[in-house]
Amino acid sequence: MAVALVAWGLARLLPRRPWALPTALAGVTWLVLTVDGLTGTTLQQASLLGTSAVVGFTRFYGFNNVTFAVYAVAGLVLAGGLASALLARAGRRAAAWAVVAVGAVTVVVDGWPAFGADFGGILALVPAFAVLALLVGRVRITWVRALVVAALTVGVVALVAVVDWLLPGGTSHLGGFVQTVVDGAALEVVGRKALGAWATVANPFGALAAVLVVLAAVAVLRPERARLPEVAHAYARWPLLRPLVVALVVVTGVGSLLNDSGVIIGVMVLVVGAAMIVPGFLTETGDARPAPSADTAAADTAAADTAAAEPGIRRVPSMLLAVGGGLLLVVLLASTVLGTSGPGTASAAARAGADVNHAREDALATDRPLVVVGTTGVTWEDVAEVRTPTLHALLTDGAGAAGVAQPTGAASRCAVGGWVALSAGQLAEVATERAPDGSWACPTPQPVPAGDGARVDGWDQLEALQSGSGYQARLGVLGDALGAGTAGARPVCATAVGPGAAVALAGADGSVDRYRELSVATSPAGDAYACPVTVVDAGDATAPAADPDLPEAERAAARDAARAQRLAAVDSTVAAVLEAAPSGTTVLVVDLAGAPGTRPVLGAALVRPGADGPEQARYLTSAATRTDGVARVLDVPATVLGAAGVAPPARVQDTPFAWGSPRPPDAATTADVLADLTTRDHVRRAVYTAFVDVPFYAGLALAGLCLLLAPRARRATGARARLGWLRAQHAARGAALVVAAVPTAAFVVSLTGWWRFADPMLAIVVGTALTTAVVAGLGALAPRRPVWLGPGVVAGTAFVVLTLDALVGTPLNRASPLGSRPRSARASTASATRRSRCTRSRPSSWPRRSPSGSCAGAGPAPPPPWSAASGSSPWSSTCGRPSGRTSAAASSSSPRSRCSASPRQERASRGGGSSSSRRRASRSSRRSACSTGCARPTSGRTSAGSSSRSSTGRRGTRSCARPATRCGPSSAGSRCG
């Protein structure tokens, strides 16, 4: 497009003749290739038509045969155009010498060993320029002159080859040919070249191309016999066009016969020559016209009125910009589609933020031991070798990585909001009142040790916050689900380490059955990891409040220093946990909440895979996001329950962390691309209003003006008034196309990768403006009639773009200002609500809770049953079909027992816990008993041979095999199997 605009501008400086535009096009092309040849052919190395170091192994420097064909056509057309310009001013002799001058430069640049080093190019260029010079000078070409031209060609080739052979140092293939002549192997080289040329026509496509090239040459040389009056008319309008065509035929024939590329040269000369010459006859030439009469003047006035009334792009520069921009968008869109859906290796790194579909078996830890290390305030910008060496080393060693969407809105007012969200399985209220300094009055729940467990002090305050909250969260869902245990009604042993972990694993009454201090969890002799689930609070890395009396600069420096200390402390704690955790255990390090009062970011999540983890470093994902490198805090409860073999209750979405696509192996690259997701989201949110409100109100204003001014335009009289209203109509049409193109541009701008620029805000604004202009320009290219064609082009562009985007995984939607946003913890896909229910059995080797609530046998940790010594996984699971039916064998073999109250219910019935927990325990104790083999199908049906009664809960139904007793929805301390 740039070359076309420059050529058009140069053509405007030349006389308005048919040779003006071809000369300008050829001059720009010839100049670029000449400079490239003189400077070492650097442009050839990355050109689509340049040399290849992989395919063919025939040329690694200089001009290849395709470049020669383009250069030869450009040189001949340029020489013909300059001769045409000099013919009327300086005579034929000057015109002929101009051809000789251009030919000499072309031959030297193409053939000299230090430049183009094209042996066959000299053989074709010398006779072609010689024929053109003779014909321009009106010198008749006889057999004698033809032999002289042939001898001159051989002499030039021999001179260049011998000089190259004699020069000290390495020689090119021209000097190498002289050496083969001396060695007597010249015929072998000539034969190899001839076989290469023959191979280009020894196939159906090559033979057809050769026939077409020959027919085209005969047709342009004899247009009368070929019945091509247009060609004959073109010869009449451009007198030197016929000599130029003869020269092009000469270079086609000689080049195809004496180069190993064969007919490929002929095809390139035909295509490039037509592309350069034909546009000269499609533009206004400025030919003399008869003087206008009264009738012709009236006709011209009517034609001018028609032209003025015809909207759309008609000028060459605007048309080139619109068409060129459209072609660029097509190329970018095609590269995105092919890059996303095309073939790729299994080990190729995927793009963070891309769509991914994972299977159920890709879950992070299913029936496997899991250690969750929770942090707050750690982002991917913090993961660097200097600031967080442990996290950086973990990423370097191949840990899974993702950005975590954290709680937002009222749930993000305090750092404890992430731990509360784990407890409730959903977002929850954490603060409703302000402190005297204007910040939120955040609760600080602390565990109070009680025996082997602890009770969370401040739990009642957290529960009171939920009573009037719009979230309607119920705390203790995760702890109660672990307390209810697996399908065999066996509670799952889980250890909480630290205050935040105690909040996450506490039951509805605020108690934790097994609690350890951080010093125990980081001690090699501790028993914190004796349970299948361990949750550790690694600390808070958010910046503390600074002294408000300090100046702003000192206050910012104090905050940065304090945060650096907190970040280092968190990193040290993570290192200690990784050192103390049993080998082969899956360790999930996840940031649960950002700094309150700041813009939401994606927290850092890393996973040290267990013994059965993937061998290659991968991104993390979940069914809720279906996005490589993006998961949610609300996916952690399902991950914990999946590791324990417990089916998630109704309030917990069954969307555990899962392994995604391969990520870049380099730690810095992975951290940067995941940090870019937050940067991209911040910019998208900042410009969202401009992309929605501005076009909306602009469209309304434009429509209102058109409705108000249309009657006045219809009543206008006089040519000048009508012309003014027509121009206003054109402007309104263009403005309407621009407004209609903004939504499409908001998605197409994703093709530019605007978030990778140093100033993403400026990049997205400029990119959107340019893409809007291109899309609107494509609509403006449409003719006036029918009236819907222009808007139809814009709408069709939007339809094609969004359809292709949806087919390849919505990569444009994920980077568009109007697309989805990954930061909100509420965001989820429809697949997040689709659950699979499994009946799992626990191995007897795991420690279980005693009736008092403690974990029996939790002394010195035995060798982990998931280690290599065990030989196989200690967990087994049997999943029913998606319809939720249980097998008859499983139903008949399950022992029947009463659903007894949990230890928390017993303590609540004796007066412990809050009043709300005692009421829930009372209601739970009055429920009917269910079989321990009770399945949890959503359809409410069981297999043949078992009767069932079901009741609809909040999120589905619960049904039990015999006895036929109703099971209610999930509640504290009571579970249906």
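**Exercise 1.** Find the partner of Cys 493 and say where the two residues sit.

*Solution.* Step 1: look for a disulfide, meaning cysteine sulfur atoms within 2.5 Å; Cys 493 pairs with Cys 531, S to S 1.8 Å. Cys 493 is in the loop between helix H18 (477-484) and strand E5 (494-497), and Cys 531 is in the loop between helix H20 (518-521) and strand E8 (533-540). They're 38 residues apart, so to speak distant parts of the chain get linked. Helices (H or I, at least four residues) and strands (E, at least two) are DSSP runs, numbered from the N terminus. Step 3: check burial (under 20% relative accessible area; exposed is over 50%, partly exposed in between; 1.4 Å probe, protein chains only). Cys 493 is buried at 0%, and Cys 531 is buried at 2%.

Keep in mind that this is a predicted model: local features need pLDDT of at least 70, side-chain atom pairs pLDDT 80 or more, while totals for chains, interfaces and linings use all residues. Numbering runs from 1 along each chain as its sequence is written, and side-chain values use heavy atoms, without hydrogens or water.

**Exercise 2.** Work out the handedness of the Cys 414 to Cys 442 disulfide.

*Solution.* Step 1: the sulfurs are 2.0 Å apart. Step 2: the S-S torsion is about -90°, so the bridge is left-handed. Step 3: Cys 414 is buried at 3%, whereas Cys 442 is partly exposed at 34%.
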